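Welcome! Have the sequence and the 3D view ready, and let us take a short tour together.

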Amino acid sequence: MRELTSDRLRLREWRADDAPFVLDMCSRWEVQRYIGATPRMLTDLDDARATIARWRGHDDGAHGVWSVRRREDDAPLGTLLLIGILASGPDLPLQPSGETEIGWYLHPDAWGRGYATEAADLVLRQGFFDEVIAVTYAQNAASRAVCTRLGMHHLGPTDRYYNMTCELFSTTPPR
Ligand SMILES: CC(C)(COP(=O)(O)OP(=O)(O)OC[C@H]1O[C@@H](n2cnc3c(N)ncnc32)[C@H](O)[C@@H]1OP(=O)(O)O)[C@@H](O)C(=O)NCCC(=O)NCCS
């Protein structure tokens with residue numbers, strides 16, 4: 001996966017030794033509460049290592065999950081995902097929809113500084129996909145605001161993904 005840099009950020013691949021940070025971030029309810037249909041907090045380092053392995057598995061040169069880091073001191077800040085989104089359906093595991101989703105979560109210490117928007121902008125600027133979508137819980141105002149700051153179009157509620165109802169945003173206008 002390509003390393004990406006902006007004035008303030010460096011995005012690189014996740015590594016096994018990032019597990020303590022991932023555990024710290026993803027064991028917090030305020031971070032996990034709007035992730036997936038059934039939010040779950042990580043409980044131990046093995047859980048965090050498995051998460052990192054799963055994130056690394058998305059890397060195909062276009063999709064990927066990046067570790068978002070402060071450029072000046074390499075401090076970890078959060079994660080930025082550009083992945084195939086799963087379609088809703090009756091059978092588990094859910095199957096890929098063929099569309100690409102962007103998503104983000106930051107450690108609470110890194111909220112309120114524009115890092116999520118800056119990291120997402122870097123990833124979208126690679127331009128691998130004509131359309132990238134984002135889905136958020138309706139009540140996740142912070143994540144909806146990231147979509148808006150990125151210039152994404154709000155297409156309203158949908159139940160097409162993850163067997164849940166969420167708000168849909170897209171980089172392309174409604175057709
Ligand atoms: C969603 C989430 C990543 C948003 O983080 P965020 O810090 O609010 O978003 P940004 O990084 O874009 O930062 C924007 C904020 O930084 C402020 N900011 C401060 N300095 C800034 C700068 N130099 N440049 C840009 N914005 C700056 C903005 O004013 C804005 O604050 P406001 O919301 O109070 O107006 C964060 O809330 C989170 O990790 N939540 C838990 C996980 C989650 O729900 N993920 C989404 C699942 S769909």
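At roughly what angle do the axes of helix 1 and helix 3 cross? Helix 3 covers residues 45-56, and its axis comes within 8 Å of the axis of helix 1, with a crossing at roughly 100°. The two are therefore roughly perpendicular to each other. The words used for such angles are roughly parallel for under 35 degrees, roughly antiparallel for over 145, roughly perpendicular for 65 to 115, and oblique for the rest. An axis here is a line fitted to C-alpha atoms, for helices over the stretch in contact, and angles run from 0 to 180 degrees between N-to-C directions. Helices (H or I, at least four residues) and strands (E, at least two) are DSSP runs, numbered from the N terminus.

Which residues meet there? From helix 1 come A19, P20, V22, L23, M25 and C26, and from helix 3 come L45, A48, R49, T51, I52 and W55. Sorted by type, the residues of this contact are 10 nonpolar, one polar and one charged. Nonpolar covers Ala, Val, Leu, Ile, Met, Phe, Trp, Tyr, Cys and Pro; charged covers Asp, Glu, Lys and Arg; the others, Gly among them, are polar. Contact means heavy atoms within 4.5 Å.

## How to read the model

This is a predicted model, in which local features need pLDDT of at least 70 and side-chain atom pairs count only at pLDDT 80 or more, while totals for chains, interfaces and linings use all residues. Residues are numbered from 1 along each chain as its sequence is written, and side-chain values use heavy atoms, with hydrogens and water left out.

## Strands side by side

Now look at strand 3 and strand 4, which pair in the antiparallel sense over six bridges. Two strands pair if DSSP finds at least two bridges between them. Together they form a hairpin with five residues between them, and D74 in the turn has a positive phi of about 65°. Across this pairing, R69 stands opposite P76 in strand 4.

Strand 4 also pairs with strand 5 (residues 96-106), again in the antiparallel sense, over eight bridges. Here G78 stands opposite L106 in strand 5. Is strand 4 (residues 76-86) mostly covered or mostly open? It is mostly covered, since eight of its 11 residues are buried. Buried means under 20% relative accessible area, exposed over 50%, and partly exposed in between (1.4 Å probe, protein chains only).

## Charged partners

How many salt bridges are there? The count comes to 12, where a salt bridge is a side-chain nitrogen of Lys or Arg within 4 Å of a carboxyl oxygen of Asp or Glu. One of them joins the side chains of D18 and R69, at 3.6 Å from N to O. This pair links distant parts of the chain: D18 lies in the loop between strand 2 (9-13) and helix 1 (19-26), R69 lies in strand 3 (residues 64-70), and they are 51 residues apart. D18 is buried at 7% relative accessible area, and R69 is buried at 5%.

R69 has another partner, D74, at 3.0 Å from N to O. D74 is partly exposed, at 29%. E3, R10, R12, D18, R69 and D74 are linked in a network of salt bridges. A further salt bridge joins R70 and D73 at 2.8 Å; R70 is partly exposed at 23%, and D73 is partly exposed at 42%.

## A covered helix and two threonines

Why is helix 4 (residues 115-124) described as largely enclosed by the rest of the structure? Because seven of its 10 residues are buried, namely Y115, A116, T117, A119, A120, L122 and V123. The cover over these buried residues includes strand 1, strand 2, strand 3, strand 4, strand 5 and helix 5 (141-149).

T5, in strand 1 (residues 4-5), is partly exposed at 40% relative accessible area. Leaving out residues up to four places away in sequence, T5 touches R10, R71 and L122. T5 and R71 are 66 residues apart in sequence, yet 7.7 Å apart in space, C-alpha to C-alpha.

T136, in strand 6 (residues 133-136), is buried at 4% relative accessibility. With residues up to four places away in sequence again left out, T136 touches S143, R144, C147, C166, E167 and F169.
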